[in-house]
Every structure is written in C-alpha cells, then in structure tokens.
Amino acid sequence: MKKYLAIFLVLTMFVALLPTAAFAADDGIILFNGKIEIANALQHAAEVYEQATGKHVEVNSLGGGVDLQSELKQRYQAGNMPDIFTCEGTPDFSNWTGMMVDMADQPWAADTEAEFIDSTGATVGFPYTTEAIGLAYNKSILDKAGIDPASITGPESMKAAFEKLDSMKDELGIKAVIGYCANSKELYWSTGNHLFCNYLDAGLARDDSTYFDLMMKEGKLDEQRFADFAAMVDLFNKYSDPALLVSGNYDLQVSGFAAGNYAFVTQGSWIGASLTDQYKELYAAAGNFECGMIPYAFEEGIDTILTNPPSHWAVYKEGKVDEALAFLQWLAGPDGQQIMVQEAGLNSPFKSCTVVANDPFAPTIADFTARGKTSSWHFLDQPANMAEDFIGGIFQDFAMGAIDINGFIEDMTVTIPDAVNQ
Amino acid sequence: MNENTSGKKALSMALLIVGFVLMLAALYFDITKNYAGLGAMRGMFLVLGALMVLAGIYFIPTVLHHRAIINFIFLFPLIFTFIVTVIIPMFVGIFYSFTDWNGVFYTKMVGIENYQAMFKDPAFMWSLLITVLFVIVNMIMVNLVAFLLALLCTTKLKGVGFFRAAYFLPNLIGGIVLGYIWQFIFSNVLTKILNSPHSALATTKTAFIAIIVVYVWQYAGYIMLIYINGLATVPKDVLEAAQIDGASDIATLFKIKIPMIAATFTICTFLTLTSAFKQFDVNLALTNGGGTVRGFMGKRLSNGTQMIALNIYNTAFARDQYGYAQAKAILFFIILACVSLLQVRISNKREVEM
C-alpha cells in the first residue's frame, strides 16, 4: 500500500508542476550586449522603451575578457539564441551567415553610413556607436609645456615635442611623456590591433584599403611606410614609462593617464568613459583636463584619426524579428539617441542625431569628422588571432629591447605572411 | 498468488504502454516543433513516460530476472547520465574532428586534414614539446619537494600542524586567482626587489620557469599530504628494529621508508603526471601562453609558454577553428589515455611484487 501511496504522491508532484511548464511566460526580446561599459545606460533605455511601448527588452551585458562569440555559440547550441547580438567585423559576422536579418529597408539605414554590410550586400549590422583611434593627449600638460597639438604633423615635430616634454618632466609633474604599454599578454589588442592599424589605415581616404589589401592578399608590408611606423614605435618605447612599458596593464595605463601622469596615451576614445566614471576621482584630482587626439603622424602628411563602429548589433532571423527591429529603430530615433549619447557617452553614428555627448573626446572626434579628416579601420577584418598569436609579441620584444628597430621590421615582415595564411 | 501475479502483469503492461505512448508523444511534439498547447508540456510527458516505463519494468512478474531488473533500475540513472554527458559527446567530438566545424555549423567533411595539419603546425608542435618538458620537470620537482616537505612534517618539530596546513593552503586557491597573484608578484614585486627592467614573464625561458615555480608551489602541498599518509603507514616495529640494529637515519630512509611506500610513489607520480599534462588555468592567468620563440621548424612563434590544453582552447575559441581544435583534443586524449594505462599497468605490477 505504501508503495502505491509513494507513486501517487510522485504523480501529484508532477501534475502540480504542469501549469508552470504550460504557461512559461513569453518575456520580450533579448539583447546581447558586448560592451559592458554601457550596460547601465542600455538597461535604462530598455526601461524607457518598455514604458513607452509596453514591450519588454531584456539586456544581457558581457564584456571585459569574455569571448562573446564563443558565449554566443554556446547559447546557440543550447537553443537560447538572443534576438539581438553583438558582432565585431567580418570574421564574427561570417559565423552567422544566413542567420541574420537584412535590415536595409529599415528607416535608420538611410540615416547612417556606419552600418555593417556583408559580402552579399545585405545590411546585417546595426551601428550603435562610433569610436576613434588617435594619439590621445592631455591638453593642459601640452599647454603648460607650450606645445600646440596641431603643430605635431609628422615624425620630426612629434620627436621635438616628445623631447621637449621629456626635458620638462619635473616641472610638468609627469612620470613619462607617453603611456604606452606593449605587454603582449595584457594589451596585445592595443598594440597588435589599434596601434598597428595606423600603419594600415592612417592618412588614407575612408574607402582606401591599399595597405590592408597588400597585407591580406600578398602578406606584404610597404617597406618605407612600415619603417616610418617602426620609428614612431621606437620613439614610444623610448619615452614611455618604464614601469608600464613591458609589465604594465590596461588599468595602470588608463588610470595613469587619468591622473595626469602622461601627456599622451596610446588608447582610443573609449577611455573617455573610464575617465569620467571609473577613474573620476583621479581625473578630478588632475583637474578634469581637456582631452584631444592627434593623428599618429609617423609620416609627414598623415592628418586623419581612425573612426569606426567597434562592433554592430545583428538581428537573429529565427528570433522575434519584428519586435527586435522596432526596438533598434526606436534606439536610432531621438528618444533612444538621447540615452545612448548622453548616458552611455556614445558617439552617435546617425546623421539626424543632434544630441551632443559630454565625453572628453567628443569635441575632438566631432572636429575631425566635420573636417572630413577621418579614415576607417580594417583590423576587424584581419584574422581574429593575428594580434594575440602573432604580432602582439613582437611589439613586446621591441619594447623590452630583445630586438632593435631592424629586428622589429624583420620579425613583422616574416610573421605577417604566417598570420594571414594560417 | 495467481491473481496477484496477473494483477501485477496488468499493471506492468499498462504502465509500460502509457509510458511509451507519453515518450513518443513528447518526441512527436519536439520533432514537429509543435510547442503550443499540449506540446508545451512535452518535457513533462518525457519525464513521466520514462518514470512509468521504469515502474512498469519493476512490476514485471518474474522471479528469475527480478534481481537483474533491480540492478538495471538502480544503475540506469548513472549509466544514462554517463552516456549522455560523456559517451555521446565523445563520439560527436570525434565526428566533428573530421569536419571544418566553426562552433555553429560545418560546411564540409575534411577527412584527416585536421590531423595532418597539426603535425605541420609549428605552434602546436612547440606546445606539445614544452608540455612534455613541463610534465617531466614537474613530475620530478613536485615529487621531490613534496617528499622533502613530507619528511619535514613527519619529524617531531614544533608546530608541525601549522606547517602542514601552510604547505597545503596554496592548493585550495583556484588556479586562475593564483595565476593573477603570481603575475603581480613577478611583474610588480620581483621587478622592484631585483631592480630588473621587466618582469620574468616577458621572456620565454624565464616565463616557463615561472610557471613551473608556481605549479610546484601550488601542487607540492597536496602531494605532501599523500606522502605523509604513506609515511604514517610504515610499521613502527620495522622502524624500531632498524633502530636497534643501528641503522642511520639515511639508511632507514632509503632502505626502509622509501621501499615501504613505493605504492605511494606510484600514486603521486601518476597524479602529478596527468595533472601537469592538463595544466591550463595557471598557464592562462600567468602568461596566456605568450613568449617569443625563434627558429622552431623555421618559424618565429609567439606561443612560447603555451601548453597543449591552452593551445586547444585558443584554437577553438580565439581562432574559431573548432573542428581543428577537436582533432587536437582527440590526440591529447589518446596521449593521456596511453600515459594513464601505462601508469596503471606499472603500478599493478609493482604492487603484486610487493
């Protein structure tokens, strides 16, 4: 009898579970955000959107060291794919070929030039921000030293400015002229992608990919241009903070710049958010100095900084397409942009956007953009592991003096073909 | 009696039939992607069906096979879980190693191309080489250090308990955390003390030594505990007899203690061997495999300290070559399986001799 009672109880338990299974709630769309810095602002945008339309948007934010694509793949295999997800450049998008919605007919697509268009001509990536790569500087230090950033137009003027700053280190209260870190374990992405892409793209028109094509198709570097680039890296090695150069990390580099220890730093516009948020005490103590960017002018005549969206959002075909598209359209509109630009500190990629960000680098980016002095970057289209597995280590070897400038050029020349022909 | 049997038979049949019908219904809903209405309860159907089938089997009226049925029912959950989580993925993995799988889909079968490619890949061969080197060095170092610590901790020193705990403590810290702690020590502390311009982690040779140091530090305490246990099993009367016969401490150690705990040595060698082969977390956190190597198979490599497990991980997750990584993982599996079998065989032999 006891036995039957036990079975009966087990059955009751399962029956009691039934309603939860049957009425599993339909919980709106899921946005998979890869930029942890804007997680809070995005959450707020989702709430405002829910109030306005009654549609729920769930924001899942991941970032830092997390490999977004492998996380996405896990979710895909678990049948749990988000409706909107983040992709960086061609290799990422090609993971999902045929699974993304073509958004060319969306109203926002006509309002921007920064959308991602795949090899078949489909608009699969929604641009939510643009970022800039240039040689960031601390304006108040340069002012004190009597250096006009606009006067740095080539290798000689850059060298002269560095020497002058170096000789005035004590007066200016700085640790080093430049915060450059070549630690290949921590910052391979900074040297191997962001700095190296200046060799590839700096000074070129936005649709010009001469040096990128030369590298990808023939595995070659332009000798003269690369020698000039190497000379600039040599200059950085010489004038960087020795404590940072080989054994430092990203936090040390950015906090050092925020604290006013360096006149220049080899990071892009994304550190603006760190200055005003993560390191705001240091930044305030250093006087909330004005920031700007100059081109990495390793050759006379290079007068552009690089601007592009760092990643795009794609919409999953099998997901809730209509709701996802409606949300993206709302984000691209005035209400969405208000939050994205002012709260998240993003630079709007949309022409109709009139909101101005209070990011320290926003004015300089706006200035270069208005003058048409921007180039696009291509490092997102190079093999994904190129910086980490191939060239990041060469920057470190050069920085620690294991190789000299000729060794640097030689190592890069023999390694690039291996990287592009893996 | 007869009635009872026939009642049981009917119950058993009913449970079996309803159970199978429920499971089939669940499968039907799943395959046809009919998730609405009754289909939303397909998971429940599947579980209920499976339980009913099990109950049905239990009630089958047989005396002859009853014991076998009970054994089956009790083993079923474990075997089922083992098959679903280990056996099936292993075969799926072997299958994927013959494709160009990128983690989401594969476009074609590539035959044994992945297996051929890895032997022509200098970076992978380098990883294999330094992993073997790492395993050999570690097997010796960890066992040596652990045994010496064990000897120290079995003497009648004051505060032995404290030392035992202190040596064991590093093993309780996770590898990733430990890697970052030591990274800080190498990059920020040792550079200041030694006044060197850059950290030991910046060059391949010193970084490799650094990983060994950290690994020995982490693992020696654990192995030490096993040795302490082993030393405690050495019979007191034998030691006393040796003492009476006038054997020196050294002679006692080499002629009595070490031979008496030969089995412990085998266990410890085996443990250090396999765990060193699988080294991943310290490697990831401490150097992430970095380090320049020149002129290996005619190439300049950047993965000077990348052990094989990290190499496989990076191939899959950084380079998106899941199929290729899978092939490497299978080679890794074969190596580990061979080593383990060899170890077990050797240890069995020795234990028989004793």
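Two strands are said to pair if DSSP finds at least two bridges between them. In this predicted model, that criterion gives chain A an open sheet of six strands, arranged in the order β2-β1-β3-β12-β5-β4 with mixed pairing.

**The sheet of chain A**

The edges of the sheet are formed by β2 and β4 of chain A, each of which pairs on one side only. Strand β4(A) is joined by two bridges to β5 of chain A, and the two strands run antiparallel; in β5(A), A:Thr123 is the residue that stands opposite A:Ile117. Helix α15 of chain A, comprising residues 321-332, packs on the sheet and touches β1, β2, β3, β5 and β12 of chain A, while the direction of α15(A) makes about 150 degrees with that of β12(A).

**The two domains of chain B**

The domain assignment divides chain B into domain 1, covering residues 2-115, and domain 2, covering residues 117-353. Although the C-alpha centres of these two domains of chain B lie 42 Å apart, there is a contact between them, to which domain 1 of chain B gives 13 residues and domain 2 of chain B gives ten residues. On the side of domain 1 of chain B that touches domain 2 of chain B, α3 (66-96) and α4 (113-120) of chain B each supply at least two residues. The residues of that side are divided by class in the table below.

| Class, side of domain 1 of chain B that touches domain 2 of chain B | Number of residues |
|---|---|
| Nonpolar | five residues |
| Polar | six residues |
| Charged | two residues |

Notes
Residues numbered from 1 in each chain as written. Chains lettered and ligands numbered in written order. Predicted model: local features only at pLDDT ≥ 70, side-chain atom pairs only at ≥ 80, totals over all residues. Helix = DSSP H or I, 4+ residues; strand = E, 2+ residues; numbered from the N terminus. Contact = placed C-beta atoms within 7 Å. Axes fitted to C-alpha atoms, helices over the stretch in contact; angles between N-to-C directions. Domains from an automatic or database assignment. Nonpolar A, V, L, I, M, F, W, Y, C, P; charged D, E, K, R; others polar.
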